[in-house]
Amino acid sequence: MVSSSNPEPIIGKFGANDPGPRNVELDRQNPDILTPPRTDNGSIPNLKFSFGMAHNRLEVGGWAREVTVRDLPAATGLAGVDTRLASGVVREMHWHKEAEWGYVLDGRCRVTVVDAERNVYIDDLKAGDIWLFPSGIPHSIQALEEGCEFLLVFNDGKFSENETLLLTEVMAHMPRDVVAKNFCIPAEHFANLPPKEKYIFPLPVPAPIGEVLAKLPKQRPPMPFTVHGDEFTAHQWDGGKTTIIDVRNFPVTNMAALIIELEPGAMREIHWHPNADEWQYYIEGEARMTVFDATSKARTFNYSAGDVGYVPRTLAHYIENIGTTKVRLLNVFNDPEFKDVALNQWLALTPPDLVRGHLDLDDIAMAALNPNARAVVR
Ligand code: MN
Ligand code: MN
């Protein structure tokens, strides 16, 4: 728990006080790094980075910052971007090699997509809404009146927000006579093309969506590129909520997501994902996570709002609310389907003699093994 005192790296007879020099703010935010549980062991790589430590790219009317494999070397499978756009500001029309999963954190925005079947897709989104832009499909994002902030996750740790394929740049880097021939008009009509990217730039707030769509062809994609927060239902547990958004309720997606809410003291139970890496974004609260890997390796990290966590495929982990307020976070996976193996269920569904023979559990512990799904416990 984040404390206002000067925490010291002491557990019983282990450790000693830290006379300094020290960055006590970091020590307060990372009590399980300063004073790890005695069960931590060996060399698990760093699995935490904060957007507060990420380079911020400031443009007119907005900013964007990214956490990629450059900042978090273990995060080879997924990367993320946090973007703020003021009223009317546009994230330039573009595409990229990676799929893009998006989550609106604040305000409202409009996404505009054209797919390979020439379908037109435009939607207005608010906090809690989600999008998925498949690899290579061009899109743009524009803030509506109130501005917006959104989180993006890409299914490649090497992604960079600064290296997307931009409309201004494809126009600037094709021979001018080729551009003229492509659009079947003289080159003079392209004399004012911007020489370099616009990336994030202000425009007037767009007209209401119905008005805009009425002027475009009526062909819509069979699978929507967005899903609204009120279209899926959370699973209620004693101690919190989980919401799965994957290919089963959002057919266009190739990246599954889990939204987790934990009440104080509650915990996302010990589990792992057989099919995917997990990219975490903490929206509120104070949490800790231990990640276990072969052989006998374990390391515990602390997270709060704006922090990124990462769990490589198949490594065991839990997420515990160690604060006094609700924890809310996103998990995004590089697989279309959400799958996990829960430690408790695995043991409960295995012949009891086999389990007892391994762990020497007493009768009460054996009776506590629970075959029912229970994503959150307290
Ligand atoms: Mn994009
Ligand atoms: Mn997980």
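1. Two strands pair if DSSP finds at least two bridges between them. Helices (H or I, at least four residues) and strands (E, at least two) are DSSP runs, numbered from the N terminus. With those terms in hand, take strand β17 (residues 257–262) and strand β24 (residues 327–333): six bridges join these antiparallel strands. E261 stands opposite R328 in β24.

2. A word on the basis. This is a predicted model, where local features need pLDDT of at least 70 and side-chain atom pairs count only at pLDDT 80 or more, while totals for chains, interfaces and linings use all residues. Residues are numbered from 1 along each chain as its sequence is written, chains are lettered from A and ligands numbered from 1 in the order in which they are written, and side-chain values use heavy atoms, with hydrogens and water left out.

3. Strands β17 and β24 sit in an open sheet of seven strands. The order is β3-β22-β19-β24-β17-β16-β15, and the pairing is antiparallel. At the edges are β3 (48–50) and β15 (235–237), each pairing on one side only. On average, neighbouring strands of this sheet are turned by 20° against each other, direction ignored. The axes behind such angles are lines fitted to C-alpha atoms (for helices, over the stretch in contact), and angles run from 0 to 180 degrees between N-to-C directions.

4. H96 and H139 link distant parts of the chain, 43 residues apart. H96 lies in the loop between β7 (90–95) and β8 (100–114), and H139 in strand β11 (residues 139–154).

5. Are H96 and H139 buried or exposed? Buried means under 20% relative accessible area, exposed over 50%, partly exposed in between (1.4 Å probe, protein chains only). H96 counts as buried because its relative accessibility is 3%. H139 is buried too, at 2%.

6. Strand β7 has several antiparallel partners. Three bridges join β7 to β11, with V90 partnered by Q142. Two join β7 to strand β13 (residues 200–201), where I200 is the bridge partner of R91.
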